[in-house]
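This briefing is for a reader meeting the structure for the first time. Please look over the sequence and the model before reading the points below.

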Amino acid sequence: MAGDVLEVRSVTSGYGDLTVIREVSLSVAPGQITAVLGRNGAGKTTTLKTIAGLLPVNHGEVIFDGQTITKSPAHSRRGMGFGYVQENKRIFKSRTVEENLVLGLYRLGLARQEEQHRLDEVYERFPILAERRRQTAGYLSGGQQQMLAIGQALLNRPRLLMLDEPSTGLAPSIVSEVMQTVQRLRDEGLAVLLIEQAVEAALRVADSVVVLDVGRVVHTGSSSDEGLRAIIQDAYMASPPSGRS
């Protein structure tokens, strides 16, 4: 679709000889949240890693801002405007909050004044991180660690933010807080690709939904589509496959 930040066209990928996703297509528009749902093993994380360039595209195309990036290396995609928060937050727990954020500025090639400006932007968005900037990140709550991981991803001012299971390990009240943060980013014009196991939390914020089952797209449409919950239930209740997700 014209104007989409991200288009994934009939992508097949996996791990070595193991094909995990087949002919997956999806898109994400500016100011929209696209949620990818499916049970464990459906191929959600594999889809995100393939888009991020961490896994090869065996067939199909990945298009970002109208440019084909299918074969572009993973390290180059950050400079293009990708923000990627991997599952389990992936922060440096033995470092302070500020050290984690400074590491997020690595290789952006910014002047020191601009680096400080971007740090201040993150602190303004997440005041709790400003309060705890000298604290070791491992002592933050799970929700605060997730905010730190999102803050790292925002330092390069991405046009696309990809989130892999941001609700993992969080209490329901904290999940709601994290999702509200994601909504605010969407409302500011960011394109968000949300991989999520918590169906209800995802449906509350998503504009469009892609349902995966056994590595294939079984539904694409609005989060308000009639019959969506029945499709999701069918996908989640099917017999789980062996292999990776």
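At 0% relative accessibility, N100 counts as buried. The model shown here is a predicted one.

**N100 and helix α3**

- N100 sits in helix α3.
- Setting aside residues up to four places away in sequence, N100 touches I91, F92, R95, A137, L148 and Q152.
- Helix α3 covers residues 97–104, and helix α4 covers residues 112–125.
- The axes of α3 and α4 come within 10 Å and cross at roughly 130°.
- The two helices α3 and α4 are therefore oblique to each other.
- On the α3 side the contact is made by E98, L101 and V102, and on the α4 side by L119, V122 and Y123.
- The crossing in which α3 passes α4 is right-handed.

**Nonpolar cores**

- The largest nonpolar core has 44 residues.
- Within this core, L37, L101, L129, L148, I150, L161 and L163 touch the most other members.
- Helix α6, residues 142–154, gives the most to this core, with 6 residues.
- Apart from this core lies another, of 26 residues, and V8, I21, V24 and F82 are among them.
- What does L129 contact, leaving aside its neighbours within four places in sequence? The residues are V97, V122, Y123, L140, Q144, M147 and L148.

**Helices α6 and α7**

- The axes of α6 and α7 come within 10 Å, and they cross at roughly 20°.
- An angle under 35 degrees counts as roughly parallel, and α6 and α7 are therefore roughly parallel to each other.
- As with any such pair, two packed helices are described by the angle between their axes and the distance between the axes.
- The crossing of α6 past α7 is right-handed.
- From α6, the residues G143, Q146, M147, I150 and L154 meet I174, E177, V178 and L185 of α7.
- Helix α7 spans residues 172–187 and includes V175.
- Is V175 buried or exposed? V175 has a relative accessible area of 10% and is buried.
- Leaving aside its neighbours within four places in sequence, V175 is in contact with S167, L170 and A201.
- Between V175 and V102 there are 73 residues of separation in sequence and 26 Å in space, taken C-alpha to C-alpha.

- Strand β3, residues 33–37, pairs with strand β8, residues 191–196, in the parallel sense over 5 bridges.
- In this sheet, T34 stands opposite L193 of β8.

- Another open sheet has 4 strands in the order β2-β1-β4-β5, and the pairing is antiparallel.
- Its edge strands are β2 (18–28) and β5 (67–68), each pairing on one side only.
- Strand β1, residues 6–15, and β2 run antiparallel and are joined by 7 bridges.
- G14 stands opposite T19 in β2.
- Helix α1, residues 44–52, packs on this sheet and touches β1, β2 and β4 (57–64).
- The direction of α1 makes about 110° with that of β1.

**Helix α1**

- Why is α1 described as largely enclosed by the rest of the structure? The reason is that 8 of the 9 residues of α1 are buried.
- The buried residues of α1 are K44, T45, T46, T47, L48, T50, I51 and A52.
- Just after α1 comes G53, which takes a positive phi of about 90°.

Methods: Residues are numbered from 1 along each chain as its sequence is written. This is a predicted model: local features need pLDDT of at least 70, side-chain atom pairs count only at pLDDT 80 or more; totals for chains, interfaces and linings use all residues. Side-chain values use heavy atoms; hydrogens and water are left out. Two strands pair if DSSP finds at least two bridges between them. A nonpolar core is a set of buried Ala, Val, Leu, Ile, Met, Phe, Trp, Tyr and Cys residues joined through side-chain atoms within 4.5 Å. Buried means under 20% relative accessible area, exposed over 50%, partly exposed in between (1.4 Å probe, protein chains only). Contact means heavy atoms within 4.5 Å. Axes are lines fitted to C-alpha atoms, for helices over the stretch in contact, and angles run from 0 to 180 degrees between N-to-C directions. Angles under 35 degrees count as roughly parallel, over 145 as roughly antiparallel, 65 to 115 as roughly perpendicular and the rest as oblique. A crossing is left-handed if the near helix is turned anticlockwise from the far one by less than a right angle, and right-handed if clockwise.
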